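Subject: Structure for you to look at

Hello,

Here is the structure I said I would pass on. My notes on it follow below.

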Amino acid sequence: MQTTEAKVPPLLLAVLISLSVGGLMSSDINLPGLAQTAHALGTSVSAVQATFSPYLVGLLVAQLIYGPWSDAIGRRRLVIGGFTLYAVASLGCALSPNIAVFAGARLLQALGAGAGLVLARAIVGDLYGQQTAARVFTTIMPVVGASPAISPLMGGYLTTYLSWRAPFFLTALIALVTVLAVALRVPESLPAERRARRLRTTVGNYRRLLVSGKFWGYGLNLGVGYAVYTGYLVASPVIFQRLGMSTEINGYCYISIAAAYITGNLVSRRLVKRHSIDRLLVRGHLIFSSGALVLLAVGLTDPQTPWPLLVLMTAVTIGNGFLFPMSVAGGVTSFPAMAGAASGLLGAVQMAGGSFSSLVVSKIPPDIRSFAILVAVLALTGLTAFHCLRAVTARSATEPEAPQAAPPAAPVASATPTDE
């Protein structure tokens, strides 16, 4: 039963953070150890880099699988099973004798860690109403946002002072602690009476979500926001290096992005107590698009210094700090009868946006002008789509009210109490 306002137990919050961060942390934590990994496994650095592709594919596929599956059998068992697989696969990465085993273990690691990404969102959707869910996500998201800056830093220390295997032992330990916490102290969030009776029905929920304007009103925000974020991570090292920035300084640049994202999260967390999620999404899009348009104006002058890109992407990322938690909260709480499927599809849209921008960035010139055009196009597309879908959803919500006088209308309205 959803509650509009509720306090979140500290242990549950810690588990939700671990579930949300695990998959993303594991994608970055071994970056500093690529050369050592390649040397130990008797292969090239590029071969180790290539294992990131199956990892991202595994995360995307996992979210599509766990979402509807959890709507049918509940969240708790899949959290335990998924993170147990994540722990075992992390050990497999650490103990791999060759690159083939390592690549296979990375894929299994993603398939296990993906359970955390989708099920954490679904659990929040099970337990809380939209406003409280938004506050929970704005508590979780700062940690998620900091992980791209913290994970490589932590992995670098572990690799330097212990071994390239140490980051994988750490992720295995975190996964096992999470499994024990869930098994011993965290109850099931989806009661049996709210579960779908057949798995085929829950998979069919994807069709309902795909034709829902309300779902896309939230989902596209994640796709566009993650596309800009991922595009920056992929493009900026090459752009900065081309403009004369050293590798050491380059590494510190991502701290400002993490700080900007956390700032957006914290500000939106305070505002959600007084404003609706949709109103905060409007503000987030305005910040996001304004930063993108200023970046475009500056980028068209073809600056020969990296600082405009660094400063203006920090502003854009503050807008992302609004878009991510509000969109996730709106997406999973708007469809309580299929929160798992909604969570899984939201994650897939997010990952698809990142994959799309990574592909585009690899094809365009490595300069600020080209990247600024991409960011502006994505931001304006997201802003336009959000307002159009909002209008369509509002119009469709008023249409059933016209035949209120007809006798069949009452049972139809009362038959769906869970659709809030």
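Trp69 lies in helix H4, residues 52-73 (helices, H or I with at least four residues, and strands, E with at least two, are DSSP runs numbered from the N terminus). Trp69 is partly exposed because its relative accessibility is 36% (buried means under 20% relative accessible area, exposed over 50%, partly exposed in between, with a 1.4 Å probe and protein chains only). Together with Val57, Val61 and Ile65, Trp69 makes a nonpolar surface patch of about 330 Å². Patches are made of residues with over 30% relative accessible area and no salt bridge, where like charges are joined within 9 Å and nonpolar side chains (Val, Leu, Ile, Met, Phe, Trp, Tyr) within 5 Å. Accessible areas come from the Shrake-Rupley method with a 1.4 Å probe, and for residues only the protein chains shown count as cover.

Before the rest, a note on how to read this. The model is predicted, with local features needing pLDDT of at least 70 and side-chain atom pairs counting only at pLDDT 80 or more, while totals for chains, interfaces and linings use all residues. Residues are numbered from 1 along each chain as its sequence is written, and side-chain values use heavy atoms, with hydrogens and water left out.

Salt bridges

Side chains of opposite charge can pair when their charged atoms come close. Counting a salt bridge as a side-chain nitrogen of Lys or Arg within 4 Å of a carboxyl oxygen of Asp or Glu, there are four salt bridges. One of them joins Asp126 and Arg75, at 2.7 Å from N to O. Asp126 is in helix H6 (residues 99-127) and Arg75 in the loop between H4 and helix H5 (76-94), so this pair ties together parts that are 51 residues apart in sequence. Both Asp126 and Arg75 are buried; for Asp126 the relative accessibility is 0%.

Asp126 also forms a salt bridge with Arg194, whose closest N and O atoms are 3.9 Å apart. This pair links distant parts of the chain, 68 residues apart, with Arg194 in the loop between helix H8 (166-185) and helix H9 (199-210) and Asp126 in helix H6. Arg194 counts as partly exposed, at 23% relative accessibility.

Arg390 and Asp278 form another salt bridge, with the closest N and O atoms 4.0 Å apart. Arg390 belongs to helix H15 (residues 368-398) and Asp278 to helix H12 (residues 277-299), so the pair ties together parts 112 residues apart in sequence. Arg390 is partly exposed at 36%, and Asp278 is partly exposed at 23% relative accessibility. Salt bridges that share partners join Asp71, Arg75, Asp126 and Arg194 into one network.

Helices H10 and H14

The axes of H10 (residues 213-242) and H14 (residues 339-363) come within 7 Å and cross at roughly 35°. Axes here are lines fitted to C-alpha atoms, for helices over the stretch in contact, and angles run from 0 to 180 degrees between N-to-C directions. The contact (heavy atoms within 4.5 Å) is made by residues including Tyr226, Ala227, Thr230 and Gly231 of H10 and Gly353, Gly354, Ser357 and Ser358 of H14.

Ser357, in H14, is buried with a relative accessible area of 0%. Not counting residues up to four places away in sequence, Ser357 touches Ala227, Thr230 and Gly231. Thr230 lies in H10 and is buried, with a relative accessible area of 12%. With the neighbours up to four places away left out, Thr230 touches Gly354, Ser357 and Ser358.

Other residues

Most residues other than glycine have a negative phi. Asp302 has a positive phi of about 55° although it is not a glycine. Asp302 sits in the loop between H12 and helix H13 (307-333) and is partly exposed, at 29% relative accessibility.

Arg197 is in the loop between H8 and H9 and is exposed, with a relative accessible area of 85%.

Phe169 lies in helix H8 and counts as partly exposed at 39% relative accessibility. Phe169 touches Leu91, Ala94 and Leu95, not counting residues up to four places away in sequence.

Regards
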